Amino acid sequence: MLETVMEFLNGPLGRECFRLNRVLFLVFLALATLAVWRAPAPRPGKVGFGLLRGLTTAALLAILIYQATWQISGFLKPEFVHFLRRYNKRPGAAAMQVMRGPLLDRRGHVLAAPVPGDVWGRRYPLGEAGVHPLGYYHSQFGITAVERVCDPELSGYSVERREGFPGATLFAVRAEEGRAVTLTLDARLQARAYDLLAGRKGAVIVMRPRSGDLLALVSSPGFNPGDPGPASRDEENAPVFNRATQGRYPPGSVFKILVAAAALDKGLAPVYACPAMGYIAGPNTPPIRDSEYYAYARRGAVWPGWGRLNLEKALVHSSNVYFAQLGVACGAEVFNAMMARAQINAPLVYLQAASGELRSAAGSAPTVTQPRKLAMLAIGQGDLLVTPLHVACFTAAVAADGVMPRPRLRTDEAPGRMATLCSPEAAGRLTGMLRAAVRNGTGRAAEIPGLEVCGKTGTAQAAGGDDHAWFTCFAPRRKPRLVVTVLVERGGFGARSALPAARALLEEAVRLGLARPEGEGES
Amino acid sequence: MSARRTRVVSPVGAVAGLFLLSFLAVLSASLSVLGIKLGNAPVMPWEQLIPLGIYAVGVPAVLVWMRVNGWKGDAGLAGAVFLLCGLGVTVQFRMGSFSRGLADPMALAPLPLGLLAFAAGVALTAKRRGAWLARTGWAAYLAALGVLAALLLLGRKYRGGLYLAGNINPTELVKPLLVLFLASFLSRRQKAFSETQVGIPVPSLDALLVLIFLWAGPVLLTLAVKDLGLLLLLNAILVVMLFAVARSTGYLALGLAAVTAAGYGVRFLSPHVRARFDVWLNPFEDPTGKGWQILQALAAMYSGGWWGAGLGSGVPQTVPIVTSDFVYAALAEEIGLAGCALLLAVYAVLFSRGFRCAGAARTPFERLLGVGMTGALAMQTILNVAGVTKALPMTGITLPLISHGGSSLITTLLMAGLVTGLSDRR
C-alpha cells in the first residue's frame with residue numbers, strides 16, 4: 001500500500017501534485033488571512049489604541065521590507081554574495097560542487113579529510129587533540145582556526161578582494177577542486193602532547209628553534225570538532241578557548257630567560273648577595289624572597305639564604321632575590337628595550353593566508369620607570385602577561401643564537417625571523433646556564449642522558465587560585481632541534497606538574513627521530 | 001455590510017469558519033511535508049502526526065466549549081490565534097520536532113495543555129468576569145518573583161541561559177504574571193500616572209517611587225538570571241502599559257529613549273550583549289564565527305525568494321537553533337516572502353484586534369490587562385522577527401505560537417485566551 005503511494009509521489013503525476021499543493025497552501029493561507037482580517041468584530045469601544053495598532057503594524061511592515069532587501073535583493077550586497085558563494089551549501093549552489101581539500105601534517109598524514117557525499121562532513125583523525133590549531137568545519141557552528149583562514153584554498157576558490165562586484169558573478173564563477181593544505185604539525189607529537197596533559201587545563205608547544213615550525217600546538221581540554229555544541233556552552237572549563245595562543249598568563253620564572261638575555265647582551269653578569277630576608281626594591285615595598293624561604297618557614301625551619309650568587313647559579317636555583325636586583329641594575333631602559341624587541345605587547349602571527357591570518361593574543365608588559373616595579377617584572381610577576389606561544393618563541397631565540405623565529409604553521413610559508421634578542425655570544429652563555437639549570441638545578445627531572453636538555457621551570461603566582469606551572473626547554477644543547485614549552489593552569493610547581501610532560505615529549509621526539517642525542521649526528 | 005452579518009452569524013460560528021480555512025492551509029502544508037518525509041523513509045510516521053490530530057480535534061472542542069458558554073467576542077482574534085497555532089504545529093512537524101513520537105511526551109504535551117490554557121484564559125475574562133482578576137495582582141507579583149528566584153536557585157545552564165529540569169523555561173510565566181500585577185497596580189493609580197505637562201508625563205512622585213521600588217525586584221532577578229531578552233521585554237511591557245494608563249505618547253517616547261540608552265549601556269557592561277551588537281552592525285567581520293548564525297539565516301531567506309521552496313523542500317537545517325529562535329528563517333526559506341507577508345499580516349490582525357478589544361473593555365483594569373497581554377505578544381513577535389532578519393540585534397526571544405518550546409506555547413496561548421475572553425464584553 002505504502003509502496004504504491006510512494007511510487008505515485010515519485011512519479012511525474014506526484015510531482016505535479018506537489019507543485020499544485022504548494023500553490024494551494026499559499027492560496028489557503030491567503031484566504032485564511034483575508035478572512036481573519038475581515039472577520040466580524042464586536043462594536044469598538046471609545047478607546048481604540050489607534051497609535052499602538054498603527055505602530056505594531058508599521059513595525060511588522062518595516063521588518064518585512066527590510067527582510068526583502070535580503071530575501072529578494074540580497075544579490076546587491078557584495079559581501080553577502082561572497083558569503084553565499086562560499087558557504088551556502090544548498091543543492092545547486094556553487095559551494096555545493098566543491099570537494100573540500102584535506103589538511104595534512106608535515107609527513108603527509110591526514111589531519112582533516114572530507115567525507116564523500118556529505119558536503120558538511122569532515123573527518124578529524126586527531127579528534128579533540130587537534131581541534132585548537134585545526135579548528136572545525138561545521139554546518140551549524142561555523143568554521144574556525146586553520147579551516148577558516150585556509151578556506152579559500154581548501155574549497156577551491158581564489159580570493160578576490162574586489163569591492164562592489166555585481167551580483168551576477170555569483171553563478172559565473174565556477175568552483176575548482178579543493179586543494180590540500182600541508183601544516184608543520186606532527187600528528188604523533190600533537191596526539192602525545194594532548195594525552196600528556198591528561199585533561200588538565202593547559203597548553204603545550206613543540207617548535208623548531210630556527211624555522212619556527214610548530215610541530216605541536218596543543219590546548220587542553222579539547223573538544224570534539226564534529227560537535228562543538230557542548231564545548232561552546234561550557235563556560236567553566238572554556239574548552240573552545242585556545243590556551244596555547246590566546247591564554248595570557250603571568251610567566252613567573254620562565255621570564256628570567258629574557259631578563260638574563262638582556263643583561264648578558266649588555267655584558268652584565270654580576271654577583272649579588274642573596275640573603276634569606278630577600279630584596280627590598282624601595283620604600284614601602286614588601287621584600288621579594290625566594291621560594292625556599294617560605295618552604296623552610298612552613299616546616300618551622302630557618303633558611304640561611306643562598307649567599308652570593310652569580311647569574312648561572314641564580315638561574316640554577318631560580319633565585320628571585322638575584323633577578324630582582326639584576327632587573328633594577330639593568331635599568332628601565334634596557335628592560336623596556338628588551339620587551340620591545342621580544343614584541344611582548346604584540347600578537348604573534350603564526351599563519352598567513354590570503355583570507356586572513358591566525359595570530360596569538362598580545363601579551364602585556366607595562367613600560368616601567370620605577371625600580372620597585374622593575375624588580376617585580378624581572379621575576380616574571382607584576383602586571384606581566386604572556387601567551388605560551390610567546391614563551392616558546394623567546395626560548396627558541398636562545399637556542400637559535402639570539403634570533404627569535406616567527407612561528408609558522410604552514411610548510412609553504414617561508415620561515416621568518418621576528419627579532420634579534422641578543423648577540424650569539426650572549427645566547428651561547430645563556431644556553432650553558434640553562435643547561436646547568438637542568439643538569440643540577442630546578443629542572444633536574446628533565447635530564448635525559450645524552451640529549452643535553454637546556455631549560456627553565458616557572459611557578460607563577462596568579463590572582464584567585466593556585467600558581468600556574470611552566471616548563472620551557474630546548475634540546476640538544478649544541479645543535480638545538482626542538483623547543484618544548486608546557487603550561488599547566490593552576491598546576492602548582494613547574495618542576496612537578498609541567499616538567500614531566502615536557503620530558504616525556506622530548507623522549508617521544510627522540511623515539512620518532514625528530515631529535516637525536518648529541519654525538520649521533522643529524523641527518 | 002459586515003455589521004449586518006454580525007447579527008446573522010454567531011461569533012463562534014465565524015471562528016469555526018475561519019478554523020476550517022486555516023485547517024485547509026495546515027492540511028495542504030502537512031501533506032507536502034508528509035510526502036517528502038515518506039520519500040526519505042518509506043515508513044508512515046504515525047506518531048509524528050499526533051500533534052496535527054490534537055489540533056484537528058482540540059480546536060473544535062475548544063470552540064464547542066466556547067459555544068456552550070455563549071462566548072460572543074472578536075472572531076478575528078480567535079481565528080488568528082488558531083491559524084498561527086496550526087502553522088506552528090505544521091512547521092514543527094516539518095522540522096522533525098515530534099520525530100521521537102510518544103517517547104518524547106515533552107514535545108507532544110504542550111499543544112493540548114496550551115489549548116486548555118487558552119480555554120482557561122477565555123473562561124477567566126469572558127463576560128466581564130475579568131475585573132475579579134484585579135484582586136490577584138499582588139499574588140501575581142509574588143509568584144513572578146518566586147519563579148525567578150526558583151530559577152536562580154535551581155536552574156542549570158544551557159545555551160547561556162538558565163533552565164529547570166527537562167529544559168523547562170519558567171520565565172515565560174513571568175510575563176503574564178507581571179502584566180496582571182501591573183494592570184492591577186496601575187489601574188488603581190490611574191490619576192497619579194496620567195498627569196502630563198507639555199506632553200511630558202509627570203506622575204506623582206509617591207506612585208512613581210512605589211512603582212520603581214516594586215519593579216526593581218523582577219528587574220534585578222532577571223539580570224541575575226542573565227535573561228536580557230526577557231528584561232527588554234518586561235520593560236517594553238511596562239512602557240506600553242504606562243502609555244495605556246496615561247494615554248500620553250510621552251511615555252512611548254521616553255520608553256524608546258530609555259530602551260535605546262539601556263541597550264547601549266548594557267553593551268559596555270556585558271561582553272555577550274556587545275558581541276550581539278557587533279554581529280548586528282557588521283556580520284561580515286567574522287562570517288564563519290560570530291556572524292555565522294545570522295548569515296545562514298539570511299542565506300536561507302535568500303534561497304527562499306518570493307515564493308519559497310515549498311514546505312519540506314528547503315534546507316533550513318544549516319541554520320543554527322532553527323526550530324526555536326530562528327524558526328522564522330526556516331519559514332522564509334520554504335514559504336517565501338509572499339508567505340511571510342501573509343504570516344506577518346495575520347500577526348498584525350491579531351495585535352490590532354487585541355488592542356482594539358482591550359480599548360473597548362469596560363474597566364480600566366481589563367483595558368490594561370488586554371493592552372499588556374497583546375503588547376507582550378506583539379513585542380515578542382517584533383523582536384524575534386527583527387532579530388532573525390537582522391533588522392535589530394538578536395535578543396533570544398521566541399516567536400509566539402510558532403517556535404518550538406513547550407512553556408512558550410502554553411503561556412502564549414494562555415495570554416491569547418485572556419485577550420480573547422476580554423473581547424466578549426456583553
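## The interface between the chains

Two residues are in contact if their C-beta atoms, placed from the backbone, lie within 7 Å. By this rule, 83 residues of chain B are in contact with 60 residues of chain A. The model is predicted.

Several elements of chain B give two or more residues to the side that touches chain A. They are helices H1 (2-8), H2 (11-40), H4 (75-95), H14 (292-304), H15 (327-360) and H16 (364-388), together with strand E1 (156-158). H15(B) provides the largest share, 21 residues. By class, this side of chain B holds 52 nonpolar, 24 polar and 7 charged residues.

Take B:Ala329 as an example. Leaving aside residues up to four places away in sequence, B:Ala329 touches B:Ala297, B:Ala300, B:Met301, B:Pro316, B:Val319, B:Val322 and B:Val388.

Chain A is divided into domain 1 (79-183) and domain 2 (188-511). Taken over C-alpha atoms, their centres are 36 Å apart. The contact between them takes 23 residues from domain 1 and 25 residues from domain 2.

On the domain 1 side, four elements of chain A give two or more residues to this contact. They are helix H5 (131-134), helix H6 (145-149), helix H7 (151-154) and strand E6. The residues on that side divide into 15 nonpolar, 5 polar and 3 charged.

## A sheet in chain A

E6(A) also belongs to an open sheet of 4 strands. The order is E3-E2-E1-E6 (chain A), and the pairing is mixed. Strand E3 (118-123) and strand E6 (181-182) of chain A stand at the edges. Each has a single partner strand, so one side of each is left without a neighbour in the sheet.

How is strand E1 of chain A joined to E6(A)? There are 2 bridges between E1 (residues 103-104) and E6(A), and the two strands run parallel. Within this pair, A:Leu103 stands opposite A:Val181.

Technical notes. Residues numbered from 1 in each chain as written. Chains lettered and ligands numbered in written order. Predicted model: local features only at pLDDT ≥ 70, side-chain atom pairs only at ≥ 80, totals over all residues. Nonpolar A, V, L, I, M, F, W, Y, C, P; charged D, E, K, R; others polar. Pairing = 2+ DSSP bridges. Domains from an automatic or database assignment.
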